[in-house]
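Please read this briefing alongside the sequence and the 3D structure, which are shown just below. It begins with the overall fold and then turns to individual helices and side chains.

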Amino acid sequence: MHLQGQGLSNVITNVGSSDEKDKTNALIFIRRHLHESLQTQYLSVPDPQILWKSLKDRYDHTKTVILPQAQYDWQYLRLQDFKSVYDYNPALFEIVSRLKLCGIMLNDVELLDKTFPTFHASNIVLQQQYDNANLSHILS
């Protein structure tokens, strides 16, 4: 985003379409934000586009690593496994954030449909009230 904001995004996407000043600025910015061990590893790469592509090739598989665990966590998330809703909410939204990162968007209805059926048996009345309210909303 910073490169785009500075008008430097073309430096990492198009070959030969930037002047040396833009390439240098992009290279400085990218290197400044690399971990120290990566800075030395990529120090010899003189072109920001090559550096960007190398980093993308190295780290762009994050979604394939995150998605299976996020789907598993979503499948087995149950409110009754938490002491309170206060403890459940951060876990729920952390999983939702990981799914969103992988391109899976969940709406409020899906979140509620995930939560209410996992209420503890002692709170079954709340689940029934939700189901009745949801059904009346759909019918109207």
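**Overall picture**

Of the 140 residues in the protein, 29% are buried. The model is a predicted one, and it contains nine helices and zero strands, so that label by label the chain reads α-α-α-α-α-α-α-α-α. Among contacts between residues at least 6 apart in sequence, 43% join residues at least 24 apart.

- Not counting residues up to four places away in sequence, Lys-23 touches Val-11, Ser-18, Asp-47 and Pro-48.

**Where α3 meets α5**

- Helix α3 (residues 20-32) packs with helix α5 (residues 48-59) at an angle of about 30°, and the two axes are 9 Å apart.
- On the α3 side the contact is made by Lys-23, Ala-26, Leu-27, Ile-30 and Arg-31, which meet Pro-48, Leu-51, Trp-52 and Leu-55 of α5.
- Sorted by class, this contact of α3 with α5 has seven nonpolar residues, two charged residues and no polar ones.

**Helix α5**

- With 12 residues, α5 reaches 16 Å from its first C-alpha to its last, close to the 16 Å expected at 1.5 Å a residue.
- The buried residues of α5 are Pro-48, Gln-49, Leu-51 and Leu-55; seen down the axis of α5, they fall within an arc of 160°, so they line one face of the helix.
- Those buried residues pack against α2 and α3, whereas Lys-53 and Asp-57, on the other side of α5, are exposed.
- The N-terminal end of α5 is capped by Asp-47, which places a side-chain oxygen 2.9 Å from the backbone nitrogen of Gln-49; Asp-47 is also one of the residues that Lys-23 touches.

**Helix α7**

- Tyr-88, Leu-92, Ile-95, Val-96, Arg-98 and Leu-99 are the buried residues of α7; viewed down the helix axis they fall within an arc of 160°, so they line one face of the helix.
- What covers these buried residues includes α6 (62-75) and α8 (108-115), while Tyr-86 and Pro-90, on the other side of α7, are exposed.
- At the N-terminal end, Ser-84 caps α7 through a side-chain oxygen that lies 3.3 Å from the backbone nitrogen of Tyr-86.
- After α7 comes Gly-103, which has a positive phi, near 95°.

- Is Arg-98 buried or exposed? Arg-98, found in helix α7 (residues 85-101), counts as buried because its relative accessibility is 17%, which is under the 20% cut-off.
- Leaving aside neighbours within four places in sequence, Arg-98 is in contact with Ile-66, Gln-69, Ala-70 and Asp-73.
- The side chains of Arg-98 and Asp-73 are joined by a polar contact of 2.7 Å, and the side chain of Asp-73 also makes a polar contact with the side chain of Gln-69 (2.7 Å).
- Gln-69, found in helix α6, has a relative accessibility of 40% and therefore counts as partly exposed.
- Although Gln-69 and Arg-98 are 29 residues apart along the chain, their C-alpha atoms are separated by 9.1 Å.

Terms used: Residues are numbered from 1 along each chain as its sequence is written. This is a predicted model: local features need pLDDT of at least 70, side-chain atom pairs count only at pLDDT 80 or more; totals for chains, interfaces and linings use all residues. Side-chain values use heavy atoms; hydrogens and water are left out. Helices (H or I, at least four residues) and strands (E, at least two) are DSSP runs, numbered from the N terminus. Buried means under 20% relative accessible area, exposed over 50%, partly exposed in between (1.4 Å probe, protein chains only). A polar contact is a pair of N or O atoms within 3.5 Å; within protein, one must be able to donate a hydrogen and the other to accept it, and residues adjacent in sequence count only if both atoms are side-chain atoms. Contact means heavy atoms within 4.5 Å. Axes are lines fitted to C-alpha atoms, for helices over the stretch in contact, and angles run from 0 to 180 degrees between N-to-C directions. Ala, Val, Leu, Ile, Met, Phe, Trp, Tyr, Cys and Pro count as nonpolar, Asp, Glu, Lys and Arg as charged, and the others, Gly among them, as polar. The arc is that of the directions from the helix axis to the C-beta atoms. The expected span of a helix is 1.5 Å times one less than its number of residues.
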